[in-house]
Amino acid sequence: MVFIWGVRLKPKRLLLSLLLLAAWEAGSGQLSYSVPEEAPHGTFVGRIAQDLGLEPAELVPRLFRVASRERGDLLEVNLQNGILFVNSRLDREELCGRSAECSLHLEVIVDRPLQVFHVEVEVRDVNDNPPVFTEIQQKVLVSESAPLDSQFPLEGASDADIGVNSLLTYMLSVNEYFTLKTVTKKDKNVLPVLILRKLLDREETQELSLLLMVIDGGKPELTGSAQIQVTILDVNDNAPEFDKPSYKVTLFENVQNNTRVIQLNASDPDDGLNREISYGIRKILPRSEEYLFSINEDTGEIRIYGKLDFEENNAYEIHVYAIDKGIPSMVGHSMVFVEVLDLNDNIPEIIITSMTLPVREDAQVGTVIALISVSDRDSGVNGQVTCSLTPSVPFRLVSTFKNHYSLVLDSALDRETVSAYQVVVTARDGGSPPLWATASVSVEVADVNDNAPAFAQAEYTVFVKENNAPGSHIFTVRARDADAQENARVSYALVERRVGERALSSYVSVHAESGKVHALQPLDREELELLRFQVSARDAGVPALGSNVTLQVFVLDENDNAPALLAPAGGGALSEALLRSVGAGHVVTKVRAVDADSGYNAWLSYELQPPAGADGARSPFRVGLYTGEISTTRAPDEADAPRQRLLVLVKDHGEPALTATATVLVSLVDSGQEPKTSRVSLGVVGPEASLVDVNVYLIVAICAVSSLLVLTLVLYVALQCWGSPTQGACAPGKPVLVCSSAMGSWSYSQQRRQRVCPGVVPANTDLMAFSPSVQEPGEDGVNHPREVSNCHHSTIFVFLNTLVYHYIYSLVSFIMLSCFVLS
């Protein structure tokens, strides 16, 4: 759009102009401005924001920017008022050379939403270049026999400007021999020619010095000058003459070096040396630092001496001369016009700008990723370019203008599936064969927090020995988040709850980063057998996502409780009176103890400790290894002390074993004396009790117990023979009785009972199944016990064994209680 400033229009004409301007903009979609070259910095070019329909206030928020395929700093836009102004020096000759049209192509890009506008700024020529002669001193050889009106071409001046500014006018200094005329070539270039107006006489004048001046047509006028040195030659009065005043040759670019261009032919009517001709090249237009043509000075044959490139120059003018060998030599001039034809020898160029990377994985379909422009230096069909993308990518190309495309999102993205795309843009021209170029765009997909942390299992089982050290590591939980960076950074925390009357956080803690679970205090299996809790894992995304995992911590028993002796009602132990007349095997009393541990750690055994200095083999008493019953090994005799002090060592089966000691006082009395009992503390000897004669009661009690025992054993054997043991109800396979001695019974734990067969054995049974633990190291480094199940008892066998034990235990307790009451 060309704006003419300083012209005041009438209101009607102004309105009509604005309407025409708006209609033109709607039809073309492109703005055009005009600015003179060499305009100073800050020169107003146009109100680009207003012409594009944008408000100045929205330029900064919408990221208004201008991109140029040429130098990007020539023009700038004031983002405060939307005015396009000159930012740096504009030199039309540097930008466009001698091209008739010179424009800067700008791409105006705004976001939110993304819009691309195309603006052309025409750079107008000003007369800023004076005419310049390539040779400021020219030598002209003129034969003295030259006839009047002979013409002598001179080296013309050149003006880098165009149009009127490049129209040159030549003037010659005043002299009596030569006048000046100009010759206009086909390309409208003007060349000066000397015209001989007066015959020359070398003997009178040998040389002439003339001043050639040139004035261009610009305002203001600029001038240049060259010194013409005319040398008058003698004798040889005929110059060589070409058979044609000009020649035209057509060649394809990229022809091989040393290719023949043309064969020149010139003739001279003189004789002898004045007729012998040599050829030469005077100049080649446009001028270049490299010589692209060579001529054989003897034959006049012109050949290629370089590489022709249509994109650099599509035509050349070779100014040739033919000079004879006369004295002085005569020169004839001609021109060879070489036209260069285009070949498809340039691959397309791809420029990727304004890339919006990385792309969020939740970006909407149609989001613009990048702007792509393509070009080809070839012409015609060879310069027509089409673009395509690599297949199987979620993107597509949308044409926005000629040779301009937008790379947009064509389908939804998922970073967890594909985190980055290597998009290859292929530009192919229309030549034959076609040439193509590729450009790679690395599109990284930015993560969105759309995946919650996930544990490998929903529940973990952990085995920890009791009495662990405070702060010991018991397990490590790990959750994986498929997202990236902050969205994948997982932190762990306990799901707080109450464990009895205490908070869960007083038992365990979880490291927020590593997921390591630590026991904050020593665990006591007798207090807490199973600790079940949850650990939550949350990522650092916004909003945060999380999940939970359940941990079951089984506390394994250690032998940390010594056996505890049970005192009868009243808090003491009886001192027993024993008749000297009793025989071997008589049960005197029973030591009872419990262990708060479980398994082997609670399995108790009893040993009778001989007193210091006494002969253990002479002791008339023994204790049941697993029953704790103290019985006689022989009938007491007179050699035995009347007061026996028995030390019973109670020991569990833990590693290391823990023990307790019970002291039992036994008084030996003769028949007819009434034994008395007195209460003493366990492990402490009390005063001697008077014995009472209770023979009758003891005999009755012994007979009754023996009868009941025989009846029970008969019933037990009958049931054993009646039905052989079958498969146990707890587990398949042959029933196995878990016990170390057929004559003993299991210790009774007041704090924890482990049933051999749940639902079959009564809740108050003293039978316990001990499962040896085999330590197996887990993945987290903590030894996890593997329970080896020994629960293979048949239902009938367990029931009868329990019944017999309880029955005997009840009878013995009843007899002892009766004796105590009777005493």
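This is a predicted model: local features need pLDDT of at least 70, side-chain atom pairs count only at pLDDT 80 or more; totals for chains, interfaces and linings use all residues.
In the protein chain, residues 24 or more positions apart account for 66% of the contacts with a separation of 6 or more.

**View 1. The protein chain as a whole.** The chain holds five helices and 57 strands. Of its 823 residues, 41% are buried, while the accessible surface comes to about 43900 Å², with 54% of that area belonging to carbon and sulfur atoms.

View 2. Glutamate 107 is placed in strand 6, which covers residues 103–110. Because its relative accessibility is 11%, and buried means under 20%, glutamate 107 counts as buried. Its side chain is joined to the side chain of histidine 404 by a polar contact of 2.5 Å. Leaving aside residues up to four places away in sequence, glutamate 107 touches Arg65, Val66, Ala67, Phe117, His118 and His404.

**View 3. Leucine 106 and the residues around it.** Leucine 106 also lies in strand 6, and with a relative accessible area of 4% this residue is buried. When residues up to four places away in sequence are not counted, leucine 106 touches Val66, Ala67, Ser68, Leu75, Leu84, Phe117, His118, Val119 and Val121.

**View 4. Leucine 106 and leucine 75.** These two residues are 31 residues apart along the chain, and their C-alpha atoms are separated by 9.2 Å.

Note on methods: Residues are numbered from 1 along each chain as its sequence is written. Side-chain values use heavy atoms; hydrogens and water are left out. Helices (H or I, at least four residues) and strands (E, at least two) are DSSP runs, numbered from the N terminus. Buried means under 20% relative accessible area, exposed over 50%, partly exposed in between (1.4 Å probe, protein chains only). A polar contact is a pair of N or O atoms within 3.5 Å; within protein, one must be able to donate a hydrogen and the other to accept it, and residues adjacent in sequence count only if both atoms are side-chain atoms. Contact means heavy atoms within 4.5 Å. Accessible areas come from the Shrake-Rupley method with a 1.4 Å probe; for residues, only the protein chains shown count as cover.
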